[in-house]
Amino acid sequence: MLLAPDADVEATWQRNHSSGSGGLSAERQLRVRRVLTNSNLDHVGEKINEKALYQLLKHVKIDPDGGILNLVDNPMGQKSKVPALTKNSLQTVEAVFAAFRTVSNPAAMIFASSRMLHRQLCSADGVEHLRRELSRLRMGHRIVEFSFIGANLMELSLAVGCILLTLYHVFKIFCHKENVPPVTAICQDAASEKLVSDSPCQKGANVQIGEVNPRYLSEAEFWLADLPRLQNLSCLRLLAYAHPNLLEKRRKQFCNGNDMARAILEGFLSCKDQYLTDEQLVEEVAKVIVQSDGLEHTDDYVEELCSLNPSQALCKLQVYKNEGRLKSDEKHNPKMLDRIWRLNLFWFGEMICFGMLVTICFMLGTLEFFHKICRCSLILTDPTAPMMTCALFFLLFLNQALGIMHIGWLLRWRVETFIFGGTDAVVSTEEKHIMQMYLGELVERIWGLKVLNGFQKLTILLGLNDDDLQQLVVEESEAKKAAVTASIRKYMDKRGLSSGFNAALTYAVAG
């Protein structure tokens, strides 16, 4: 049986609950007590039936502070999440290799593209030599010649531009003085909240936003955006933007029609200074629609109205206005609904621009891919080319081909969208700012940890991935998880759903 928590454990639970960790820390205390007193576990798997299938995620919760308060040298009753960020040997090697790619890839790009441009444009027989090389591939057309020169120019410009952007962020890091002491040196109670809501249930509740040192915002941009970009930098990355499986996600990032609809609704409701959320705006629109009908509606219909997004709610208001059924109060401004044609025109132009952007990215990426394949074929079949040059160019092309779709960035982007994007899976402007503040605070916490040396901190920042963010943000109840997993395992064994291969391996190892 589980031991009942004594007074000390209960006091610890209250202290942890007040600092945001809640019942999870109490469960950890109970686990410690069971180990110290050698108590038996409660066999929850024997008491939970198939209803556990409908409670698969009951044990999972989101840490309100994103795990930031758990990154401390001396955890005050909380579970430290510093070990979750600490890299093992393989991850350390990956971080060192990532640093090597960050330096070597842009340097090789600049060297290769500048060397090609110098040979093609500055030498006496450069164009003629290029024409002879292309004739070997049966592509001696003048358009192909200009395409090769343009591809080299594009590659050189991209490398130089990204390096300058990275140096700009480095300059901002050194310009901002560290005028805020590290949070780890501050009392945890005083730094427990970056966002303090006075009344979250009221409209336009005031929220005090704690400022993050601009230095660490620039550092987060440097470590988490600039360096990963340089590792896989090439014009081939343009093909990733036009990937057919990501077009809808790209469209959500590109389109801002929901913000425009939100602005029109704020003008209609005369609440621009109240900073209402999307849900609150839609709720006000639902009130107008229900009052305009003048009928008693079911809860399901009202709930359906409240589940609309601002664009859909605006279209609903437009239908009521066109049918002459809209009944608005004096505080409303129905003339704002006459500007919906501008929104429709904006949506149409936005889709045209998005289609053109995807097409241009696909064409330029295809051109660069074609150029790289032809250039690699020419170098590998050139008997006068040194073996080292062939090997270096092939490795450069291989690295860029592997980085067409940056898997690490894609996985982290997906986790960030899951955490900050909400139910619509779209990171708005405000949510993006929250994400930047969180990442800046995370970098500040990592640098302030005294239990890690400088090399460990560098490996964490170089190798920060989706697993790290998930372990920081997501928490789980061990007791509830044990109940669910034990019940599911029992259910699978009972129905014969367990993996036979894994069972055979387990029997071979454990007997």
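The lining of the largest cavity comprises 5 nonpolar, 3 polar and 4 charged residues (Ala, Val, Leu, Ile, Met, Phe, Trp, Tyr, Cys and Pro count as nonpolar, Asp, Glu, Lys and Arg as charged, and the others, Gly among them, as polar). The model is a predicted one, in which local features need pLDDT of at least 70 and side-chain atom pairs pLDDT 80 or more, while totals for chains, interfaces and linings use all residues. Residues are numbered from 1 along each chain as its sequence is written, and side-chain values use heavy atoms, with hydrogens and water left out.

The whole structure contains 2 cavities of 30 Å³ or more. A cavity is a set of points on a 1 Å grid over the protein atoms alone where a 1.4 Å probe fits but cannot get out, and lining residues have an atom within 4 Å of a point. The volume is the space filled by probe spheres set on the points. The largest cavity holds about 80 Å³, and its lining includes M109, E155, H371 and F393. The second largest cavity holds about 40 Å³ and is lined by M116, R119, Q120, G126, H129, L130, E133 and R375. Helix α5 provides the largest share of this second lining, 4 residues; helices are DSSP runs (H or I, at least four residues) numbered from the N terminus.

R262 lies in helix α10 (residues 257-269). This residue is buried (under 20% relative accessible area, 1.4 Å probe, protein chains only), at 18%. Beyond its neighbours within four places in sequence, R262 is in contact (heavy atoms within 4.5 Å) with Y275, L276, T277, D278, L281 and P310.

Definitions and conventions: Helix = DSSP H or I, 4+ residues; strand = E, 2+ residues; numbered from the N terminus. Buried < 20%, exposed > 50% of the residue type's maximum accessible area, 1.4 Å probe, protein only. 1 Å grid on protein atoms, 1.4 Å probe; cavity = no way out; pocket = protein on both sides within 12 Å on 5 of 7 lines; lining within 4 Å.
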